[in-house]
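Here is a short briefing on one chain. Look over the sequence and the model first, then read on.

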Amino acid sequence: MSDLKHISPENKERLVQLVNKTASYVNGGMEPTDALVKAAGEGDYPSDYVLRAAEAYNGAAHLAYFKSAGLLS
């Protein structure tokens, strides 16, 4: 586990902004993949940021679905 790297506060904020922008586009009617491509294209994001943003968005979307279906409290 010594190879673990910490994300800086600035990079964490950039990642959160990418996920939030993706969610905003999805809420506006876009498909998640198209929304992520559009959001990532508007900034200078490395490919690993886009991958992490996809993972974060998918996790949040699944939790929201489970909550709306009454599967989580």
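Which residues in helix 1 meet which residues in helix 2? Leu18, Lys21, Thr22, Tyr25 and Val26 in helix 1 meet Pro32, Ala35, Leu36, Lys38, Ala39 and Ala40 in helix 2. Contact here means heavy atoms within 4.5 Å.

This is a predicted model, in which local features need pLDDT of at least 70, side-chain atom pairs count only at pLDDT 80 or more, and totals for chains, interfaces and linings use all residues. Residues are numbered from 1 along each chain as its sequence is written, and side-chain values use heavy atoms, with hydrogens and water left out.

**Overall fold**
- The chain has three helices and zero strands, in the order α-α-α along the sequence. Helices (H or I, at least four residues) and strands (E, at least two) are DSSP runs, numbered from the N terminus.
- The C-alpha atoms fill a box of roughly 40 × 30 × 15 Å along the principal axes.
- Of the 73 residues, 18% count as buried. Buried means under 20% relative accessible area, exposed over 50%, and partly exposed in between (1.4 Å probe, protein chains only).
- Among contacts with a separation of 6 or more, 43% come from residues 24 or more positions apart.

**Helix 1 against helix 2**
- The two helices pack at an angle of about 130 degrees, and their axes are 8 Å apart. That makes helix 1 oblique to helix 2. Angles under 35 degrees count as roughly parallel, over 145 as roughly antiparallel, 65 to 115 as roughly perpendicular and the rest as oblique.
- Axes are lines fitted to C-alpha atoms, for helices over the stretch in contact, and angles run from 0 to 180 degrees between N-to-C directions.
- The residues of the contact of helix 1 with helix 2 divide into eight nonpolar, one polar and two charged. Ala, Val, Leu, Ile, Met, Phe, Trp, Tyr, Cys and Pro count as nonpolar, Asp, Glu, Lys and Arg as charged, and the others, Gly among them, as polar.

**Salt bridges**
- The structure holds two salt bridges, each a side-chain nitrogen of Lys or Arg within 4 Å of a carboxyl oxygen of Asp or Glu.
- Lysine 21 pairs with glutamate 42 at 3.1 Å, N to O. Lysine 21 lies in helix 1 (residues 9-27) and glutamate 42 in the loop between helix 2 (32-41) and helix 3 (47-68), so the pair ties together parts 21 residues apart in sequence.
- Lysine 21 is partly exposed at 37%, as is glutamate 42 at 44%.
- Glutamate 55 bridges to arginine 52, with the closest N and O atoms 2.8 Å apart. These two are three residues apart in helix 3, so about one helical turn separates them.
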